[in-house]
Amino acid sequence: MDDLYRENILDHYRHPRNYGEIEQATIVQHEHNPLCGDQLSIYLLVENERIVDVKFKGKGCAISQASASMLSEELAGKSVDEAKAFDKQTILDLLGIPIGPVRLKCALLSLKTLKAGLYGVNLVDDDEDSL
Amino acid sequence: MSVQTTLDVNAIREQFPLLDQSINGHRLAYLDSTATAQKPLAVLDAMDRYYRTINANVHRGVYQISEAATEAYEGTRRTIGRFIGAKSTKEIIFTRNATEAINLVAQSWGRANLQAGDRILLTVSEHHSNLVPWQLLAAQIGVELDFIELDAQGRLDLGNLDQLLTKRTKLVAMTHMSNVLGTINPVEQVIAAAKQVGALVLLDGAQSVPHLPINVQALGCDFLAFSGHKMCGPTGIGVLWARRELLEAMPPFMGGGDMIKRVGLRESSWNDLPWKFEAGTPAIAEAIGLGAAIDFLNELGMQAIHERERQLTHYAWDKLSAIDGLTIFGPPAAERGGLLSFTLAGVHAHDVAAILDTQGIAVRAGHHCTHPLHDIFGVPATVRASFYLYTLEEEIDRLAEALVLARDTFQL
């Protein structure tokens, strides 16, 4: 078996951190990845421009769900501006495994959902179109 | 032409150079021929020879290599016509693929012959290529779409076919063989019923033409669409077959060079069949490659290929259904062609496919261009393993072992 299903990825998939909903959430965002049918909802409770609670719910492949679980841990306690600064590299560093172009959409679904929630629009370009 | 009754799979494999490679340290097991088939040397050589020796535009030049290119291109039309039992080369229209062939029928025949309130009968298991073109037509001219549903085992439910075929039903468009369930549909029964109400029948042969002996006269259909690349030919070439009288009456699909007889500034007249539907420089090398692919398949015999796939499907069915947590979708092995779509409990299809890839096994994971069908199953994605004339039992053994590995990796 190669690096793709490293134990910590499987651990986050089997035991997702911060799984669930926040009833009083300030921001709720649902996104999906039509390619594989991965689904993700992120719930953020924001107080004084700081993320005081994070939850997520979703269905999909191990990469997409582990990415969301890891991101949720990273988000707790961050300011909104800090969260806005998260980028593709943040996610790839969290996952710590090589991600091919096809699975990138799975890996970045969490970031896409977060950014869409924070900005109200989708700002994440998950297509590998660089020349 | 010699027709064999059994296939020498090892000898066949030597004709497919791509299969002889290792992926992630394992010999490649290519189990995704339903998406696209591998290409034998005969096809690679025919296309290479064309480009090296007779590359020239067709139907134009009066010089020798252009005539040779034209003869090779048009020769493929004869090969295809004989392969599917057409009556004339005028009935063989080259397209990019089955998708374009279906769009051609929708936009040319559909717009010219249908009006608001007319009905088109489809099945819920259609590939998007035989669904979306009709949705586009419905939005354009107001035709209505009806659907044959599936029974619990994934067979077409024909119990209410008489109600579905109304007086306003003008066309039945259905797949001959499902690209997800593998079901070989009882198209003869549907065609007979469609004729009772005067509806025409389009068969999506993308999966059946590469794998079964096909004769359009015996089937009694009116349109047949298929793709070259799923039958050992190159990408970029497909075929629409239709009854000549239908094609004669249909307006052109696309305009441009080669499809015209005479062009004025404000109006033009159309070329004869089949060129009326072939605007612009066609995929010449690809057509020649498809001809070589059909010669290759004929040499082995479509019946022998079909029987070999039947063996493989039974073999795979037994192997895979013995795996705990694995669910196969669709009818039993005896009713299907060479493919199995399945899920592994607790492991997403993409994760399954990624783990199989680490073992050098290539399968498809996703919705296989059938969103509605997957909605009916209630699963976002399935894994599909598909077989062709070069597939080995040993590859299916490796598939089964790797699936157990995937299940154990996730320990769910």
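This is a predicted model: local features need pLDDT of at least 70, side-chain atom pairs count only at pLDDT 80 or more; totals for chains, interfaces and linings use all residues.
Start with chain A. Its secondary structure comes to five helices and three strands. Read along the sequence, they follow the pattern α-β-β-β-α-α-α-α. Chain A has 131 residues, and 40% of them are buried. Now look at the contacts in chain A with a separation of 6 or more. Residues 24 or more positions apart account for 58% of these contacts.

Two loops of chain A deserve a stop. One lies between helix H1 (7-14) and strand E1 (27-33) of chain A, and Asn18(A) is found there. Asn18(A) is not a glycine, yet its phi is positive, about 55 degrees. How exposed is Asn18(A)? It has 19 other C-beta atoms within 10 Å, so Asn18(A) is partly exposed. A residue needs 20 or more such atoms to count as buried. The other loop runs between strand E2 (38-47) and strand E3 (50-59) of chain A, and Glu49(A) lies in it. Glu49(A) also has a positive phi, near 60 degrees, and is a residue other than glycine. Glu49(A) counts as exposed because it has 9 C-beta neighbours inside 10 Å.

Move on to chain B. The domain assignment gives domain 1 (9-30 + 301-410) and domain 2 (44-299). Taken over C-alpha atoms, the centres of these domains of chain B are separated by 28 Å. Their contact takes 23 residues from domain 1 of chain B and 21 residues from domain 2 of chain B. Which elements of domain 1 of chain B give two or more residues to the side that touches domain 2 of chain B? They are helix H11 (302-321), E14, helix H13 (371-377) and strand E17 (382-386) of chain B. H11(B) gives the most to that side, with five residues. By class, the side of domain 1 of chain B that touches domain 2 of chain B has 10 nonpolar, nine polar and four charged residues.

Next comes the nonpolar core. In soluble globular proteins, nonpolar side chains tend to be buried together. Here the largest nonpolar core has 152 residues. Ala225(B), Leu240(B), Ile288(B) and Val352(B) touch the most other members. H10(B) gives the most to this core, with 10 residues. Domain 1 and domain 2 of chain B each supply at least three residues to this core. Take Leu240(B) as an example. Leaving aside its neighbours within four places in sequence, Leu240(B) has contacts that include Ile93(B), Leu104(B), Phe223(B) and Ala225(B).

Now follow one helix closely. Helix H3 of chain B covers residues 64-84, which is 21 residues. The buried residues of H3(B) are Ala69(B), Ala72(B), Tyr73(B), Thr76(B), Arg77(B), Ile80(B), Phe83(B) and Ile84(B). They cover an arc of only 140 degrees around the axis, so they sit on the same side of H3(B). An α-helix has 3.6 residues a turn, so residues three or four places apart point the same way. On the other side of H3(B), Gln64(B), Glu71(B) and Arg82(B) are exposed. The buried residues of H3(B) pack against several elements of chain B, including helix H2 (41-54), strand E9 (223-227), strand E10 (238-242) and H10. Gly85(B) follows H3(B), and its phi is positive, near 80 degrees.

Two loops of chain B come next. Pro274(B) is found in the loop between strand E12 (268-270) and helix H10 (284-300) of chain B. The peptide bond from Leu273(B) to Pro274(B) is cis, with omega near -5 degrees. Ala334(B) has its place in the loop between strand E13 (326-329) and strand E14 (339-344) of chain B. Ala334(B) counts as exposed because it has 10 C-beta neighbours inside 10 Å.

Finally, bring the chains together. In the contact between them, 12 residues of chain B meet 13 residues of chain A. On the side of chain B that touches chain A, helix H12 (349-358) and helix H14 (393-410) of chain B each supply at least two residues. H12(B) gives the largest share of that side, five residues. The residues of that side of chain B divide into five nonpolar, six polar and one charged.

Definitions and conventions:
Residues are numbered from 1 along each chain as its sequence is written. Chains are lettered from A and ligands numbered from 1 in the order in which they are written. Helices (H or I, at least four residues) and strands (E, at least two) are DSSP runs, numbered from the N terminus. A residue is buried if 20 or more other C-beta atoms lie within 10 Å of its own, exposed if 12 or fewer, and partly exposed in between; C-beta atoms are placed from the backbone. Two residues are in contact if their C-beta atoms, placed from the backbone, lie within 7 Å. Ala, Val, Leu, Ile, Met, Phe, Trp, Tyr, Cys and Pro count as nonpolar, Asp, Glu, Lys and Arg as charged, and the others, Gly among them, as polar. A nonpolar core is a set of buried Ala, Val, Leu, Ile, Met, Phe, Trp, Tyr and Cys residues joined through C-beta atoms within 7 Å. Domain bounds come from an automatic or database domain assignment. The expected span of a helix is 1.5 Å times one less than its number of residues. The arc is that of the directions from the helix axis to the C-beta atoms.
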